[in-house]
Amino acid sequence: MQIAAVLFLLVAAIVVLSIEIWSVDVVAVLLMLTLVITRILTPEEALSGFGDPSLVMIGSILVMTAAIVQTGVANRLGMMIGSLAGHSETRFFALATVAVTCVSAFINNVAATAIFVPIVIGVARRQKWSPAKFLMPVAFGSILGGTCTLIGTSTNVAVSGVLPRYELKPFELFEFAPIGLAIATTGVLYMTLFGRKLIPDRGGEDLVQEYHIKEYLTEIVVSPNSTIKDRSVEETGLRRRFDINVIGIVRQNRRLLFPDQDERFRVNDLLLVEGKLENIMHLKDETGVEIKAEINAKDFTSEQVQMIEVVVSPRSGLAGQTIKEANFRQRYGLNALAIYRQGETLVDKLGRIRLEVGDTLLVQGESHRISSLRNRPGLIVLGEIPFANYRRRKARVAILIFLAAIAVGGIGLLPISVSFLMGAVAMVLSGCLTIQQAYENIEWRVLFLIAGMLAMGTAMDTSGAARFLAEKIIELLGAFGPQVILASFFWVTVLLTQPLSNAAAALLVLPIGISTAQSLGVNPRTFAMMICIAASISVITPLEPACILVYGPGKYQFLDFVKNGSIITFLAFLIAITVIPYFWPLGF
């Protein structure tokens, strides 16, 4: 009976996580509560995941990564790459892909992507190259680089933390190197020599043209008889009543861009507005303003006011909210002009559109407001930020602390979780980042998800569900030998990472893989490594967080990822099925 209940919960968890009814952290908590209520697990067993060292390690890695970003180390690296590449597009492609792959071996791959996206876009625009040519390789490189070390992805850390339950040693810091380096090197070479030809050349135009908002831009004049004269932007309710956004005011040959909501309109003011033509005609009929002509991007940008793209990151609290609900203008001091999502530009009724992770927003605002977004993990600015804005005096300190944490954990002086926690604390105490920034950069949803999946893994073991599924797999594929069964776990895991997160897929498949290996009498560590690698390589679709971050900025379409991602996944499989049994033999 318990086996049936656990298998039902397993399927239900996969379905709910796939269709995204609730966020992953909510699903994880509900799963844990259900396991306790149905008495499949005791409260102590269900909640034990929160005390797992892997959660401490993941949080510590994210804090140290944030410190590396805040001190400008990553930005300085990007500047060096741009300088070394010169005016060669091929050289920049290779350098950027190799660099993000190497960096991602030591920090979370999503963080590595977030670091390099603004740098790559900044260099590409400066050289008048299409950013799309570089962004997909950056995402793929960060994912492949994460397979090279234990700390490259949260998936590696989470799986390693589960191994002691099966009387297996946790993975060592550089144990992934043989398979990870082989896959990463192959992937980078493929992208540089062949894959880049399959990447579309999109974007790189003027932002007004790129977002197709020119047709929404109009000049109107406040006439002496207009009902909006002597009233403020807020009082007229242009956004609320007419769905029209006031971008700027020209008054006596002086431009007032990004006007405050309490700024009052005067007779003969020339208003730069964004809105549909029918809404502007409605405004004309209702208020008596005069319609003039279209405008250009230069009319609503200056040294003090910029128009720039930002991406809603996975850590953002904006996902699921509308721009209006999020108080976007008050919260960030920016005007949202358009949203780019999955190949479509959204301009009409922006205030009612619910934001999603990976959305690219075209925003207008004062330069100092845009610069301050560097300290807000919710939005990623697509463009270079001056090095002077970072805590550059702490750059060397951050590097030394990071290297020391790796060295202490790598040679075994302290457990890796302890050495990384010490590193995270040292980053805060040394002033590389504030305690608030440390908390903001921890992906709490991921930690709750892993804790919930750990509870599910425990339930599959204690109920016998894992052994039941292992027996069925052996019945089906046992005649083909352990190598074929090992290969099947690669593809099952890869398929599950498409609707689920990488860590969730790995932690759900791992108990079954371990039980299968034990039933076959072969090395369970081989299966654990195969599942870990398969879960970490999620590049077939743009659903992996690192790919989501470049989806909008690169103006990609779904099939753009499928073309290159499928080839890279197949190459990774050929390498994994060859290399893993060699370094982690099936026989004990």
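Analyst: The lining of the second largest pocket in this predicted model comprises 10 nonpolar, seven polar and eight charged residues. Here Ala, Val, Leu, Ile, Met, Phe, Trp, Tyr, Cys and Pro count as nonpolar, Asp, Glu, Lys and Arg as charged, and the others, Gly among them, as polar. Local features need pLDDT of at least 70 and side-chain atom pairs 80 or more, while totals for linings use all residues. Residues are numbered from 1 along each chain, and side-chain values use heavy atoms, without hydrogens or water.

User: What volume does the second largest pocket have?

Analyst: Rolling a probe the size of a water molecule over the atoms shows where empty space is left. A pocket is an open set of points on a 1 Å grid over the protein atoms alone, where a 1.4 Å probe fits, with protein on both sides within 12 Å along at least five of seven lines; lining residues have an atom within 4 Å of a point. The volume, the space filled by probe spheres set on the points, is about 700 Å³ for the second largest pocket. Of its 25 lining residues, those closest to the centre are Arg-239, Arg-240, Gln-261, Lys-324 and Gly-351.

User: At what angle do helices α7 and α8 pack?

Analyst: Angles run from 0 to 180 degrees between N-to-C directions of axes fitted to C-alpha atoms over the stretch in contact. Helices are DSSP runs (H or I, at least four residues) numbered from the N terminus. Helix α7 (residues 109-126) and helix α8 (residues 132-145) pack at about 155°, with axes 9 Å apart. Therefore α7 is roughly antiparallel to α8 (an angle over 145 degrees).

Technical notes
Helices (H or I, at least four residues) and strands (E, at least two) are DSSP runs, numbered from the N terminus. Angles under 35 degrees count as roughly parallel, over 145 as roughly antiparallel, 65 to 115 as roughly perpendicular and the rest as oblique.
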